Amino acid sequence: MFRVLILLVSSLFLSACDKAVFPVYWLCEGSSEQIVYNSSAIALEKYQGKGPLMLEIWGGQIFQFLQGSFSGAYVICHQEKNISHMDFRLNGCEKIADIDRRGMLNLNTGELLMSEVRIQGDRLIQNKGRYQCRKKGLTFSFSEFNHE
C-alpha cells in the first residue's frame, strides 16, 4: 500500500511539471551568405555556405549552435504580441551600435530568417541566412546533423 501511495504522489508531481521549463529544439537546413564591404561600400569578399543550424528555445532565450556566423545566445523579443513567430536578437532587444544580429522564426511554417550587420574597423560585414526548420520537440539526435 505504501508503494502505491508513493507512486500516486510521484505521478501527481510529474504531471504537474510545466513543459515550458524544458528546452525545445528546432533543426534547420538552409544557406547563408556573408559580404564584407569597405568604407566606400564596395564588396571586398563574399562567402556562401549551406548546412544545418540548431535552435534551442528555453526560458525566454534562443541558443543557436552549429552555424558559426550566427552562433550565440539571443533574447526573445515581442513574443507576447504575435504567437505565430518569434523575433529574437543577440545582446538583448535594443540595437547596439556595432552589431545587430537577429532572427525571426515562423512557428507555423518553420521558416527562419537570420541577419547580422556589424562594423569591424573600416569594414561593414553583412550576413543573411534563410532556413527551413522542423520542430524536434524536447530531444534530438546528433546523427541528424552529422554531415560529411
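A disulfide is counted here when a pair of cysteine sulfur atoms lies within 2.5 Å, and in general a disulfide is a covalent bond between the sulfur atoms of two cysteines. The structure is a predicted model, in which local features need pLDDT of at least 70 and side-chain atom pairs count only at pLDDT 80 or more, while totals for chains, interfaces and linings use all residues. Residues are numbered from 1 along each chain as its sequence is written, and side-chain values use heavy atoms, with hydrogens and water left out.

**Disulfides**

Two disulfides are found when the whole structure is searched. With bonded cysteines counted along the chain, they follow the pattern 1-4, 2-3. One of them links Cys28 and Cys133, whose sulfur atoms are 2.0 Å apart. Cys28 belongs to strand β1 (residues 24-37) and Cys133 to strand β8 (residues 123-137), so this pair ties together parts that are 105 residues apart in sequence; strands (E, at least two residues) are DSSP runs, numbered from the N terminus. The torsion about the S-S bond of Cys28 and Cys133 is about 105°, so this disulfide is right-handed.

Another disulfide joins Cys77 to Cys93, with a distance of 2.0 Å from S to S. Cys77 lies in strand β4 (residues 72-77), whereas Cys93 lies in the loop between β5 (85-90) and β6 (99-106), so the pair ties together parts that are 16 residues apart in sequence. The link of Cys77 and Cys93 is left-handed, with -100° about the S-S bond.

Burial is judged by relative accessible area: buried means under 20%, exposed over 50%, and partly exposed in between (1.4 Å probe, protein chains only). Cys28 and Cys133 are both buried. Cys77 counts as buried at 1% relative accessibility, while Cys93, at 28%, counts as partly exposed.

**Salt bridges**

A salt bridge is a side-chain nitrogen of Lys or Arg within 4 Å of a carboxyl oxygen of Asp or Glu. The search of the whole structure finds seven salt bridges, including those in the table.

| Asp100 | Arg89 | 2.7 Å |

Salt bridges that share partners join Arg89, Asp100 and Arg102 into one network. Asp100 counts as buried at 15% relative accessibility, and Arg89 counts as buried at 11%. Glu116 is buried, with a relative accessible area of 1%, and Arg118 counts as partly exposed at 23%.

How values were computed: Helices (H or I, at least four residues) and strands (E, at least two) are DSSP runs, numbered from the N terminus.
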